[in-house]
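Please keep the sequence and the 3D view at hand while reading.

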Amino acid sequence: MILEEVQDIFRDVFDDEDLVISHSTSADEIEDWDSLAHIRLVVAIEKHFNIKFAFKEIQALHNVGEMLELISNKCRQ
Amino acid sequence: MDNWGTFYDFIKRNNILQGKHLEKYEKCMTADEKNDWNILIEFYKYQGYSCEQIAESYLYFVDMTMEETFFFMESGRYRYNSFEQVAKDVYFNPAIMHKHIIGLGVSQYIWPQHLNSVRWFKQLISGRRGTEYLEIGPGHGEFIYQAIKLSDYDSYIGIDISETSSELTRNYLSYRGVDEAKYTIITDDFMNFSSRDKFSAIVMGEVLEHVEKPLEFLKKIVELSDDETFIFITVPLNSPTKDHIYLFSSIAELYTMVRQAGLEVVEASLSTSNGKSVEKAEKNKETIIAALYLKVK
């Protein structure tokens, strides 16, 4: 469920309605996933899930799976 | 391994997204630009920094910019809005200022929005001549160096509020073999600067976003200009860094201020940080660098 919601965010940020992500998806697979897009993703995720990340937490994220884990942890707090 | 290889290797090991950026944008640099980048790295090495330390400074600059971007996207504002707040932490903190200037200097070649501004400046300044050239905030020294190389003014003056920055500019020009007799770099607040004569050219690269009253800076430029003065400024919009205190949110806002100061836009070059259209960047509040060729109205 969280993956689907995060996928919608990815599709919006990268302006690609056909984008499909999985736990292993990283910046290597998405050409436009640069530093700025990374910030846009996490801010959109914060707003959607009503959670707050620290900057160091988002710096350490390397793939979608790590994002999902962090989101789950934050939602449980 | 050459400088580029060492630099890229360090960046890729420590920041995957920046490594990806370098791979993509290395291809955008011309052979001359790569050569200039390499000379810049050799200059910093001559100052006593290793290639890894230079790469570290660049990553400091990137991380700082991303942290401020995160804050900006969450809050819709820059973190600081007064000179006093940033002076202590950045301008008058030599250790930070060195990393900041080095990181910014390196980014002139590997951030497309900066590279495009430098390219356009070189086109515009080439062959121009006149009496005095004034540059406000020469910082890393790249604009004033290119101006001295490509134009033919009687003398070149740079004014910067930071002595660390002024010293770096002098050292860079000296390293690049520029005759000391051609230029003077002054450390002072530009608002305290005066001159009996009007300048033939006034250049100001990324300064307005660092001051509390940018309109006053533009009016001061008008005071020092006449109808023939070549005026070139670059201004970042929606561009959060630790020492940006004045937020320009839109191109229209910047143009309005330019007109209020008594200037008109002759030509403009707008660049985004990731190659996206200016319209999209403005809508998403992402960085646009506006390079403006101006004249007195």
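**Overview of the two chains**

Of the 297 residues that make up chain B, 58% count as buried. The model described here is a predicted one. In chain A, which has 77 residues, the buried share is 49%.

**Chain A**

- Chain A contains four helices and zero strands, and its elements follow the order α-α-α-α from the N terminus on.
- The radius of gyration of chain A is 11 Å, close to the 11 Å that the globule rule gives for 77 residues, so chain A is as compact as a globular protein of that length.
- The C-alpha trace of chain A spans about 30 × 25 × 20 Å along its principal axes.
- Among the contacts in chain A with a separation of 6 or more, 47% are between residues 24 or more positions apart.

**Chain B**

- Chain B is built with twelve helices and seven strands.
- A compact globule of 297 residues would have a radius of gyration near 19 Å, and the 18 Å of chain B agrees with this.
- Taken along the principal axes, the box filled by the C-alpha atoms of chain B is roughly 55 × 45 × 35 Å.
- Residues 24 or more positions apart supply 74% of the contacts in chain B with a separation of 6 or more.

**Helix 10 of chain B**

- Helix 10 of chain B covers residues 214-223, and its buried residues are P214(B), F217(B), L218(B), K220(B), I221(B) and V222(B).
- These buried residues pack against several strands of chain B, namely strand 1 (129-136), strand 4 (201-205), strand 5 (230-237), strand 6 (263-272) and strand 7 (288-296), and also against helix 11 (251-260).

- L292(B) belongs to strand 7 of chain B.
- Why does L292(B) count as buried? Its relative accessible area is 0%, and buried means under 20%.
- L292(B) and A268(B) are 24 residues apart in sequence, while their C-alpha atoms are 4.6 Å apart in space.
- Leaving aside residues up to four places away in sequence, L292(B) touches W120(B), I231(B), F232(B), I233(B), L254(B), Y255(B), V258(B), V265(B), E267(B) and A268(B).
- S166(B) is located in helix 9 of chain B, which comprises residues 163-175.
- S166(B) counts as buried because its relative accessibility is 0%.
- The side chains of S166(B) and T187(B) are joined by a polar contact of 2.8 Å.
- With residues up to four places away in sequence not counted, S166(B) touches D160(B), I185(B), I186(B) and T187(B).

**The second largest pocket**

- The second largest pocket holds about 760 Å³ of space.
- Its lining consists of 33 residues, and those nearest the centre of the pocket are V13(A), R40(A), K276(B), N284(B) and E286(B).
- The elements that give two or more residues to this lining are helix 1 (2-13) and helix 2 (35-49) of chain A, along with helix 2 (16-26), helix 4 (51-75) and helix 12 (278-283) of chain B.
- Which element gives the most to the lining of the second largest pocket? Helix 2 of chain A does, with six residues.
- Sorted by class, the lining of the second largest pocket has 14 charged, twelve nonpolar and seven polar residues.

Technical notes: Residues numbered from 1 in each chain as written. Chains lettered and ligands numbered in written order. Predicted model: local features only at pLDDT ≥ 70, side-chain atom pairs only at ≥ 80, totals over all residues. Heavy atoms only, no water. 1 Å grid on protein atoms, 1.4 Å probe; cavity = no way out; pocket = protein on both sides within 12 Å on 5 of 7 lines; lining within 4 Å. Points joined across faces, edges and corners; volume = space filled by probe spheres on them. Nonpolar A, V, L, I, M, F, W, Y, C, P; charged D, E, K, R; others polar. Buried < 20%, exposed > 50% of the residue type's maximum accessible area, 1.4 Å probe, protein only. Polar contact = N/O pair within 3.5 Å; in protein donor to acceptor, adjacent residues only side chain to side chain. Contact = heavy atoms within 4.5 Å. Rg over C-alpha atoms; globule rule 2.2 N^0.38 Å.
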